[in-house]
Amino acid sequence: MEAEALRPQPGVFVVRPGHPLTHRPGVTLADIMAYPFAFIGRAPREVQASLVKAREAARERGAPHAAFPALVHESPTVALNLVARSDVVVAATTGLAARLLRLGEVVALPWREPWVCIHPGVLRLRGRRLGEAETGFLDLLRDADAQGHAEGLRICGELGVSAECA
């Protein structure tokens, strides 16, 4: 196999417009973890560890949501659609959240750390010649990757947070 790394995609935490966290200055991860949180089931341990630590801080403050996570899912797009109808917080890449952010259906919280990121890539059989359709698809994927990267930089810039990925 050979791997081609694509650009890292920063993630953000999103909520519905008017969510209590949108009115809180200096939102922290512990603040975020005090609310119902929708999370994917296959997250790396490093990510889980940061969330658990923040959840403990929320618990010490006496204000956590009863269930953690409140919802386990495998589709960030489905979870993003839950945001508008509840107080759930969803972590999503800027690329996935961009359309809903532009439409004003979700709001990104101004908190972000470099570990809130994914590192996508393409795996291929080494030495296998690509057909015309595969080559075209990869060209489109690389174009989308470049556009998504620019969108992520823009979104993070508007939030005043770093787009850096660890």
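Is Ser86 buried, partly exposed or exposed? At 26% relative accessibility, Ser86 counts as partly exposed (buried means under 20% relative accessible area, exposed over 50%, partly exposed in between, with a 1.4 Å probe and protein chains only).

## Basis of the model

This is a predicted model, in which local features need pLDDT of at least 70 and side-chain atom pairs count only at pLDDT 80 or more, while totals for chains, interfaces and linings use all residues. Residues are numbered from 1 along each chain as its sequence is written, and side-chain values use heavy atoms, with hydrogens and water left out.

## Overall architecture

The chain has five helices and eight strands (DSSP runs numbered from the N terminus, helices being H or I with at least four residues and strands E with at least two). Their order along the sequence is β-β-α-β-α-β-α-β-α-β-β-β-α. The C-alpha trace spans about 60 × 30 × 25 Å along its principal axes.

Of the 166 residues in the chain, 34% are buried. Among contacts in the chain with a separation of 6 or more, 77% are accounted for by residues 24 or more positions apart (contact means heavy atoms within 4.5 Å).

Ala79, Leu80 and Val83 are the buried residues of α3. They lie on the same side of α3 because they cover an arc of only 105° around the axis (the arc is that of the directions from the helix axis to the C-beta atoms). The cover over these buried residues includes β2 (9-15), β3 (37-40), β4 (71-73), β5 (89-93) and α4.

Ser86 is in the loop between α3 and β5. Its C-alpha lies 7.4 Å from that of Arg16, although Ser86 and Arg16 are 70 residues apart in sequence.

## Packing of α3 against α4

Two packed helices are described by the angle between their axes and the distance between the axes. For helix α3 (residues 76-83) and α4, the axes come within 10 Å and cross at roughly 30° (axes are lines fitted to C-alpha atoms, for helices over the stretch in contact, and angles run from 0 to 180 degrees between N-to-C directions). α3 is therefore roughly parallel to α4 (angles under 35 degrees count as roughly parallel, over 145 as roughly antiparallel, 65 to 115 as roughly perpendicular and the rest as oblique). The crossing of α3 and α4 is right-handed (a crossing is left-handed if the near helix is turned anticlockwise from the far one by less than a right angle, and right-handed if clockwise).

On the α3 side, Pro76, Thr77, Leu80 and Asn81 meet Leu96, Ala97 and Leu100 of α4. By class, this contact of α3 with α4 has five nonpolar, two polar and no charged residues (Ala, Val, Leu, Ile, Met, Phe, Trp, Tyr, Cys and Pro count as nonpolar, Asp, Glu, Lys and Arg as charged, and the others, Gly among them, as polar).

Thr94, Ala97, Ala98 and Leu100 are buried in α4. Elements that cover the buried residues of α4 include β2, α3, β5 and α5. After α4 comes Gly104, which has a positive phi near 80°.

The axes of α4 (residues 94-103) and α5 (residues 132-159) come within 9 Å and cross at roughly 60°. The two helices are therefore oblique to each other, and the crossing of α4 and α5 is left-handed. Thr94, Ala98, Leu101 and Arg102 in α4 meet Glu151, Gly152, Arg154, Ile155 and Cys156 in α5. The contact of α4 with α5 divides into four nonpolar, two polar and three charged residues.

## Residues on either side of α5

Leu130 sits in the loop between β8 (121-124) and α5. Leu130 has 29% relative accessibility and so counts as partly exposed. Beyond its neighbours within four places in sequence, Leu130 is in contact with Arg124, Thr135 and Leu138. Leu130 and Ala92 are 38 residues apart along the chain, with 32 Å between their C-alpha atoms.

Ser162 belongs to the segment after α5. Its relative accessibility is 41%, so Ser162 counts as partly exposed. Not counting residues up to four places away in sequence, Ser162 touches Arg112 and Cys156. Ser162 and Glu60 are 102 residues apart in sequence and 28 Å apart in space, C-alpha to C-alpha.
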